[in-house]
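Biologist: I am new to this structure. Please take me closely through one part of it, then show me how that part sits in the whole.

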Amino acid sequence: MLVKRRRTQSTSDAFEDRINSKNPTVIIRQGYSLKSVICLCLAICLICQFLLPLAISFLQNAIKEKPVQKFKNLGGLISAKSDLKKSAPQFLVDPIYDEKWKDIGSKMAIPVVHLPEVEQTDPAKVQEALAAAKAARRSRKAGNLEKALIIIEHAYAMAPNVPDILIEMGQVQEGKNMLIEADQCYVRALVYDPNHVEAIGLRAKTSPIVSAIDRKMLNEVHDLRDEFASLQHSTALRRMMRETYFLYVYHTVAIEGNTLSLGQTRSILESGMVVPGKSIREHNEVIGMDAALRFLNSTLLSMDHDRISIDDILEMHRRVLGNADPIEAGRFRNTQVYVGKFTPISPEYVAEQMDELVEWLNDENTLNMDPIEKAAIAHYKLVLVHPFTDGNGRTARLLLNLIMMRSGFPPVILPVETRAEYYSSLHVANLGDLRPFVRYVAKYTKESIQRYIGTTKTSNCIGKENLELQECAI
Ligand SMILES: *[C@@H]1O[C@H](CO)[C@@H](O)[C@H](O)[C@H]1NC(C)=O
């Protein structure tokens with residue numbers, strides 16, 4: 001495209017030269033009147049000054065905008081996605097140039113979701129907390145929101161499961177314009193007491209507003225994805241994709257306690273050398289993630305359908321856990337597991353629950369869902385069933401990313417620094433409200449995309465890419 005642009009430019013230069021040099025001589029030789037010569041000159045000047053640049057920039061825009069327009073016209077996400085699919089595998093640029101790791105098996109280890117425990121509260125504490133909630137209500141009615149917030153937070157800490165406390169908390173938050181948090185409180189109050197009249201009334205007000213806020217946020221992320229899709233595949237972008245690959249591996253194992261740093265993770269994958277002082281298990285986690293990502297990239301992303309089968313999930317897991325636990329890798333658990341205070345279903349129901357999960361994944365309604373919601377819920381469901389002895393979290397994040405990438409998003413990194421938010425929103429999902437987890441995923445999807453868009457913007461040499469990138473090496 002750029003080459004073309006330059007060519008157009010030089011054609012117009014030549015054109016100008018021709019008019020400036022040849023034409024006047026021709027005209028004069030043929031003896032036209034001074035008046036018509038001047039008119040002709042004026043006309044030529046006008047053409048050169050306005051019409052030509054206009055025509056050129058129109059052509060340039062036409063060339064530039066074509067792919068974008070095509071994309072937008074597709075409207076629905078589903079069709080947009082299939083349009084993207086042809087180039088989809090480009091998200092996972094191979095970070096390693098040589099082939100030495102090519103046929104590596106898999107390995108891996110740790111994880112497990114620690115859902116924060118729900119404390120059983122004793123009756124005396126509940127009484128005290130209810131009294132505090134009343135005090136908070138008085139403060140709120142008197143207009144002292146700060147004080148009300150302090151009191152109600154104290155009450156909530158003592159008795160987090162009591163509807164009256166939750167709705168007082170919600171009202172204080174509403175007063176502080178924290179509508180999403182307030183709505184979450186009402187939803188939780190309704191989980192504990194579905195017939196709570198006051199909670200129903202309060203929820204009826206916040207619910208539509210919060211839905212609109214959520215919709216808007218998801219749309220913003222979709223817009224960013226479109227922007228990402230229209231980025232030129234510059235060297236800087238490819239570099240960013242390589243870097244993202246390491247970041248993904250690093251964060252997904254670190255969030256479950258792996259202590260390898262980003263640099264060490266990178267070095268293991270790049271050089272295949274051991275990092276002294278780090279356990280074999282931790283090495284195996286990194287190598288397993290790499291194998292699983294490569295499998296996802298080479299197989300699952302290039303399928304010509306959007307279905308996800310039990311086997312797809314098992315095959316991902318087989319690589320995630322492969323070397324660390326070859327027996328358990330790629331098969332459902334046949335023992336009971338305990339995750340903190342969360343006890344997943346007993347092993348005899350796992351296969352059945354997984355069938356249900358896959359049925360849900362491939363259901364027409366699910367396929368038409370917003371991909372961010374779908375990916376987040378799929379992740380949540382997998383973690384809830386906890387089908388494996390180990391590696392559930394990593395496999396769930398792979399599943400999430402499979403769905404996201406099939407919908408045209410780059411890999412989503414859930415940063416290790418946000419671990420608390422990750423687990424607490426999963427916990428809230430367990431209590432019946434999936435939205436905080438969807439928001440969490442949307443938020444980090446947005447950050448993941450912005451990382452790319454940011455890169456190409458700072459290295460805005462891409463416009464002159466033909467001039468060779470080393471000129472503007474960043
Ligand atoms: C992903 O697939 C693409 C195309 O099939 C390939 O160019 C790229 O190297 C792959 N990435 C990885 C990490 O294997």
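Which residues does Leu400 touch, not counting residues up to four places away in sequence?

Modeller: Leu400 touches Ala375, Ala376, Ala378, His379, Val412 and Val441, with those sequence neighbours left out. Two residues are in contact if their C-beta atoms, placed from the backbone, lie within 7 Å.

Some ground rules come next. This is a predicted model: local features need pLDDT of at least 70, side-chain atom pairs count only at pLDDT 80 or more, and totals for chains, interfaces and linings use all residues. Residues are numbered from 1 along each chain as its sequence is written.

Now the surroundings of Leu400. The largest nonpolar core has 66 residues, and Ala376, Leu399, Leu400 and Val441 touch the most other members. Helix α9 (residues 235–254) gives this core its largest share, 11 residues. A second, separate core has 25 residues, including Ala136, Val162, Ile167 and Ala189. Such a core is a set of buried Ala, Val, Leu, Ile, Met, Phe, Trp, Tyr and Cys residues joined through C-beta atoms within 7 Å. A residue is buried if 20 or more other C-beta atoms lie within 10 Å of its own, exposed if 12 or fewer, and partly exposed in between. In soluble globular proteins, nonpolar side chains tend to be buried together.

Next, the annotated positions. An unreviewed UniProt entry places "active site" at His386. Such annotations may be inferred rather than shown by experiment. His386 lies in the loop between α15 (371–385) and α16. His386 counts as buried because 24 C-beta neighbours fall inside 10 Å. Beyond four places in sequence, His386 contacts Val337, Val339, Pro344 and Asn392.

Asn392 links to another annotation. UniProt, again in an unreviewed entry, lists Asn392 and Tyr423 among the "binding site" residues. Asn392 is in helix α16 (residues 392–406). Asn392 has 26 C-beta neighbours inside 10 Å, so Asn392 is buried. Tyr423 belongs to helix α17 (residues 419–430). Tyr423 is partly exposed, because 17 other C-beta atoms lie within 10 Å.

Step back to the chain. Its secondary structure comes to 18 helices and zero strands. Helices (H or I, at least four residues) and strands (E, at least two) are DSSP runs, numbered from the N terminus. Of the 474 residues, 36% are buried. Among contacts between residues at least 6 apart in sequence, 71% join residues at least 24 apart.

In α6 (residues 163–175), 12 of the 13 residues are buried, so α6 is largely enclosed by the rest of the structure. The cover over its buried residues includes α4 (123–141), α5 (145–158), α7 (179–192) and α8 (197–229). After α6 comes Asn177, with a positive phi near 70 degrees.

Finally, confidence. pLDDT is the predictor's confidence in each residue, from 0 to 100. The chain has a mean pLDDT of 80, and 75% of its residues reach 70 or more. Over residues 66–89 the pLDDT is below 50, and this stretch has 23 contacts in the model beyond near neighbours in sequence. Residues 460–474 also stay under 50, and the model has 15 contacts for them beyond four places in sequence. Where pLDDT is low, the predicted coordinates should not be read in detail.
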